[in-house]
Amino acid sequence: VQLQASGGGLVQAGGSLRLSCVASGRTFSLYTAGWFRQAPGKEREFVAAISGSGASTYYADSMKGRFTISRDNAKNTVYLQMNSLKPEDTAVYYCAADRRWVVATDEYDYWGQGTQVTVSS
C-alpha cells in the first residue's frame, strides 16, 4: 500500500483543517488506517485509527471531541478533521495502514509521508 497525505498548512488557534490520505496499490477497505503526529523534539504520537469498513474508530484521549477520523473507501481515502486547533497541535502528521486492527501503537506496516500542520497563537 502506498499512502499520500495532504491538507496540512498554517492555521490560527481555534481554526480547523482537514487532512487527507490517499491509498493505492491494494484493496484499501481491508486495512485499518491511522493518523499519527510528531512534534519537533518529541516522539511520534498516536492520534486516531479507523477500521477497514469505517465501523470502528479509536482516538487518543487528548484528541477526543476535537478530531474526527473518517474514510471513503470508494475514493481510497482516509480523513482527519481537526477542529479547535491549538498551538500544541503543531506537528508533522502521518497516515499509516495495516491489515490488523492496530490502535495506540505505531506498529503499522505502511506509512505515508508527513504533512505539516502549524497552529499559530
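Aromatic pairs and fold

Me: How many aromatic pairs does the structure hold?
Reply: The structure holds six aromatic pairs, where rings of Phe, Tyr and Trp (its six-membered ring) pair if their centres lie within 6.5 Å, and planes under 30 degrees apart count as stacked, over 60 as edge-to-face and the rest as tilted. One of them joins Phe36 and Phe46, whose ring centres are 5.6 Å apart with planes at 75°, so this pair is edge-to-face. The pair links distant parts of the chain, with Phe36 in strand 4 (residues 32-38) and Phe46 in strand 5 (residues 45-50), 10 residues apart; strands here are DSSP runs of E, at least two residues, numbered from the N terminus, while helices are runs of H or I, at least four residues.

Me: What should I keep in mind about the model and numbering?
Reply: This is a predicted model, in which local features need pLDDT of at least 70 and side-chain atom pairs count only at pLDDT 80 or more, whereas totals for chains, interfaces and linings use all residues. Residues are numbered from 1 along each chain as its sequence is written, and side-chain values use heavy atoms, with hydrogens and water left out.

Me: Which residues do ring pairs link into a cluster?
Reply: The cluster consists of Phe36, Phe46, Tyr58, Tyr108 and Trp111.

Me: Where does the charged end of Arg71 sit?
Reply: The charged end of Arg71 sits over the ring of Phe28, 4.4 Å from its centre, where sitting over a ring requires NZ of Lys or CZ of Arg within 6 Å of the ring centre and within 35 degrees of the ring normal. Likewise, the charged end of Arg99 sits over the ring of Tyr31, at 5.6 Å from the ring centre.

Me: Switching to the fold, how many helices and strands are there?
Reply: The protein chain has zero helices and 11 strands, and buried residues make up 43% of its 121 residues.

Terms used. Buried < 20%, exposed > 50% of the residue type's maximum accessible area, 1.4 Å probe, protein only.
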